[in-house]
Amino acid sequence: MKYESVIGLEVHVELFTKTKIFCGCSTEFAADPNTHCCPICLGMPGALPLMNKSVVEFATKAGLALNCQIADFSRFDRKNYFYPDLPKAYQISQFYIPLARNGYVEIEPNGQKKRVGIRIMHMEEDAGKLVHEEGGSYSHLDLNRAGMPLIEIVSEPDMRSAEEAWLYLNNLRTILQYIEVSDCKIEEGSMRCDINISLRPEGSEQLGTRVEVKNLGSLRAVRRAIEFEEKRQRDILENGGTVDGETRRWDEAQGITIFMRGKGSNRYSPEPNLSPIIITDEWKEDIRNHIPELPNVKKERFIKEYGLPEYDASIITASKILANFYEETVKYYHDPKIISNWIMVELMNVLNETGEGIKDLKFTPKQLADMLIMIDKGIISGKIAKDVFREMFKTGKNPEDIVREKNLIQISDEAELESIAKKVIENNPKSVEDYKNGKEKAMSFLVGQIMKETKGKANPQMVNSILARLLKEI
């Protein structure tokens, strides 16, 4: 029997506010343990929460960008459970009347557009953090994270593969980064994802038994965990067994999911210390007007306005910083596709080699455009430009200064190039004979020898022209 996967994701996103959701404590990352805490964070008796307006605005902005219906009236509830990192023994969340419903994110698996539904999106506070020492007899408790503002985005079970889940999560992250409500750094915990996955016979409408997977620290881990869980559940079903409804955790080192606990239900009750959230139409429209051009819209515009292939446009608009860098460069240089080529190849290569990000670039769009203009004017060759580009990346210097300091100006003196070409022909009689016998690769070899003699500074068009003429005369 063939089975298909049914996948939904629960994504927790930390909002980029300066202070926590119900108090004035800082949200700064990586501070010393328990230094960003107050009686509210610590759950002290009598300490009352106060709603942070910026959290409501950021959450509403996220909901609108994700095509959700924003509730005019929503409220907070208490999610009651006991765990050491939750001092109050309950988490303030939204359960009965959440902020947003019925949104979607578009993905393109195999080039086909598909909408993944968003069931609900709600606000809540984060819990603290337990730090376990290997082999230790106790754990440390850091409450800096307690009370951090979160939105939880719960998708519909619309995804059917690890690839679709990866695309959804990646597109969701890109949208939230574009609207600047979160940095979505999974490695720092500001974006966390839980997987809900079940298998069912192909063609069946009935859902299988759902398994939840936690502790996913990267987009790669999400993909790997789904692929492992698909295989694990399929093996159970094909051997006549039944899948248990349970919560499992992902073990990155072993590449497997491990049983944590059985599935249970939490008790909810209304939060009496916080007023309902009322969002007027005027407030909602004001927030909507502050949403920038979203990545899918920007992608379509880049294709239409700059004539970019869909693949190029997808890569460039996947990062707001990169898209802005590209568009700023277009202002200074006439050919959008050439700019795209340099970004897609040279820039991406050097970023991958160094592990740096777009935000770390030392050179400006104007400097990149100036370098491309130098190629067009014949001041430097395309080969030399790659060296200039890497020096720009390393130092942030202007391309003109780099070319002058390193004496990289292209050789375009015909007499000089002809003299070098004659020397190369004289020193490589076998290649000359091969060329005369119709072996085109011999010409490429001779061109390469000239470029080697000039340390890559020879004008390649002139070299080809001079060499062809000299070989014809032999």
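Analyst: Let me start with a pair in helix 11 (residues 399–405): arginine 404 and aspartate 401 lie 3 residues apart there, so they are separated by about one helical turn. Their side chains meet in a salt bridge at 2.8 Å, N to O, where a salt bridge is a side-chain nitrogen of Lys or Arg within 4 Å of a carboxyl oxygen of Asp or Glu. Helices (H or I, at least four residues) and strands (E, at least two) are DSSP runs, numbered from the N terminus.

User: Before we go on, what kind of model is this, and how are residues numbered?

Analyst: This is a predicted model, in which local features need pLDDT of at least 70 and side-chain atom pairs count only at pLDDT 80 or more, while totals for chains, interfaces and linings use all residues. Residues are numbered from 1 along each chain as its sequence is written, and side-chain values use heavy atoms, with hydrogens and water left out.

User: Ok, is arginine 404 buried or exposed?

Analyst: Arginine 404 counts as exposed, because its relative accessibility is 56%, whereas aspartate 401, at 24%, is partly exposed. The cut-offs are under 20% relative accessible area for buried and over 50% for exposed, with partly exposed in between (1.4 Å probe, protein chains only).

User: How many salt bridges are there in the structure?

Analyst: The structure holds 41 of them. One of these joins glutamate 125 to lysine 88, with the closest N and O atoms 2.7 Å apart. That pair links distant parts of the chain, 37 residues apart, since glutamate 125 is in strand 7 (residues 114–125) and lysine 88 is in the loop between strand 4 (77–80) and strand 5 (90–93). Glutamate 125 counts as buried at 5% relative accessibility, and lysine 88 as partly exposed at 23%.

User: Which residues are linked in a network of salt bridges?

Analyst: Glu293, Lys298, Arg301, Glu305 and Glu327 are linked in such a network.

User: Switching topic, where is threonine 317 found, and what is it in contact with?

Analyst: Threonine 317 is found in helix 6 (residues 310–317) and is buried, with a relative accessible area of 3%. Leaving aside neighbours within four places in sequence, threonine 317 is in contact (heavy atoms within 4.5 Å) with Thr174, Tyr178, Pro295, Lys298, Lys299, Phe302 and Ala323. Its side chain also reaches the backbone oxygen of alanine 313 at 2.6 Å.

User: And how do helix 6 and helix 8 pack?

Analyst: Helix 6 and helix 8 (residues 336–354) pack at an angle of about 60°, with their axes 11 Å apart; axes are lines fitted to C-alpha atoms, for helices over the stretch in contact, and angles run from 0 to 180 degrees between N-to-C directions. That makes helix 6 oblique to helix 8, given that angles under 35 degrees count as roughly parallel, over 145 as roughly antiparallel, 65 to 115 as roughly perpendicular and the rest as oblique. Residues making the contact include Tyr311 and Ile315 of helix 6, and Ser340 and Met344 of helix 8.

User: What about helix 9 and helix 10?

Analyst: The axes of helix 9 (residues 365–376) and helix 10 (residues 382–395) come within 11 Å and cross at roughly 165°, so helix 9 is roughly antiparallel to helix 10. The contact is made by Gln367, Leu368, Met371 and Ile375 of helix 9, together with Ala385, Val388, Phe389 and Met392 of helix 10.

Notes: A polar contact is a pair of N or O atoms within 3.5 Å; within protein, one must be able to donate a hydrogen and the other to accept it, and residues adjacent in sequence count only if both atoms are side-chain atoms.
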